[in-house]
Amino acid sequence: MSNKKNYYAFEDPSGKIIEFQATSLQQAMIIKKKKSSELGIPKEAFELKTIRKKPTQSA
């Protein structure tokens, strides 16, 4: 198993994006579930948008 981490970005229909680092897509789905729960948004509302090696640059 690889220790390389990627950045996973998920977006809901209203345009809210959550992005975080994870070692696998499976781990990313678990983190997405926790983060969406904290935001009070159903996890199904978020769709995977990107997987990158580096984080998105926020302006």
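## Surface and basis of the model

The chain exposes about 4,500 Å², of which carbon and sulfur atoms supply 51%, with accessible areas coming from the Shrake-Rupley method with a 1.4 Å probe, where for residues only the protein chains shown count as cover. This is a predicted model, in which local features need pLDDT of at least 70 and side-chain atom pairs count only at pLDDT 80 or more, while totals for chains, interfaces and linings use all residues. Residues are numbered from 1 along each chain as its sequence is written, and side-chain values use heavy atoms, with hydrogens and water left out.

## Fold and overall form

The chain holds one helix and three strands, which follow the pattern β-β-α-β along the sequence; helices (H or I, at least four residues) and strands (E, at least two) are DSSP runs, numbered from the N terminus. The radius of gyration is 11 Å, close to the 10 Å that the globule rule gives for 59 residues, so the chain is as compact as a globular protein of that length. That radius is taken over C-alpha atoms, and the globule rule is 2.2 Å times the number of residues to the power 0.38.

## An aromatic pair

A search of the whole structure finds one aromatic pair: Phe10 and Phe20 are stacked, 5.8 Å centre to centre with 15° between the planes. Rings of Phe, Tyr and Trp (its six-membered ring) pair if their centres lie within 6.5 Å, and planes under 30 degrees apart count as stacked, over 60 as edge-to-face and the rest as tilted. Phe10 lies in strand E1 (residues 6-11) and Phe20 in strand E2 (residues 17-22). Phe10 is buried at a relative accessible area of 1%, and Phe20 is buried at 7%.

Methods: Buried means under 20% relative accessible area, exposed over 50%, partly exposed in between (1.4 Å probe, protein chains only).
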